[in-house]
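Welcome, and thanks for opening your viewer.

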Amino acid sequence: MLPSTRQYTIRFIVAMGLYLVTLPLTLWLSSLAGDSWWRFAAYLLVLPSLILIARAVWRYVAEADELQSRKIVESLAIAFAGGSILTFTWGMLEHVGAPTLPIIWAMPVYMGCWLVASLIVNRRY
């Protein structure tokens with residue numbers, strides 16, 4: 001494993017660990033807050049972990065060699081296109097009767113597209 005990949009893996013695992021801790025805490029605190037304005041503050045508790053995840057990816061691209069960087073950027077571009085097509089298509093289908101999905105599902109769609117795109121790009125190289 002390359003040093004940049006090892007560093008990314010550590011950063012990503014720490015950020016996801018924080019996310020896995022703050023998400024249930026957020027849901028629990030927001031249920032206690034009821035209709036209070038505190039529920040907004042409770043839901044923002046996951047924000048630092050999301051920022052750390054984005055920072056881990058950004059640092060990975062910056063620290064990787066040229067080939068790794070190209071593969072990451074290419075997979076992100078494919079994932080962005082695929083995620084945009086999927087979310088836009090679903091949004092259009094909602095207008096003709098498909099069930100409405102909360103916007104919170106957009107991130108998992110984009111992350112799933114990134115996983116698939118990474119597998120495709122890595123296979124190509």
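Helices here are DSSP runs of H or I with at least four residues, numbered from the N terminus. This is a predicted model, in which local features need pLDDT of at least 70, side-chain atom pairs count only at pLDDT 80 or more, and totals for chains, interfaces and linings use all residues. Residues are numbered from 1 along each chain as its sequence is written, and side-chain values use heavy atoms, leaving out hydrogens and water.

**Stop one: S75**

Select S75, which sits in helix α4. Is S75 buried or exposed? S75 counts as buried because its relative accessibility is 2%; buried means under 20% relative accessible area, exposed over 50%, and partly exposed in between, with a 1.4 Å probe and protein chains only.

Now show the side chain. It reaches the backbone oxygen of I72 at 2.8 Å, and a polar contact of 3.0 Å joins it to the side chain of W114. (A polar contact is a pair of N or O atoms within 3.5 Å; within protein, one must be able to donate a hydrogen and the other to accept it, and residues adjacent in sequence count only if both atoms are side-chain atoms.) Setting aside neighbours within four places in sequence, S75 is in contact (heavy atoms within 4.5 Å) with W114, A117, S118 and V121.

**Stop two: the rest of α4**

At the N-terminal end, find the cap: a side-chain oxygen of D65 lies 3.3 Å from the backbone nitrogen of L67.

**Stop three: α1 and α3**

Next, select residues 3–33 for α1 and 47–63 for α3; their axes come within 8 Å and cross at roughly 170 degrees. Axes are lines fitted to C-alpha atoms, for helices over the stretch in contact, and angles run from 0 to 180 degrees between N-to-C directions. That crossing makes α1 roughly antiparallel to α3, a term for angles over 145 degrees.

To see who makes the contact, pick out residues including Y8, F12 and Y19 of α1 and L52, I53 and Y60 of α3.

**Last stop: along α1**

Stay with α1 and colour its buried residues, among them Y8, R11, A15 and T22. Finally, click on G34, which follows α1 and has a positive phi, near 60 degrees.

Technical notes. Helix = DSSP H or I, 4+ residues; strand = E, 2+ residues; numbered from the N terminus. Parallel < 35°, antiparallel > 145°, perpendicular 65-115°, else oblique.
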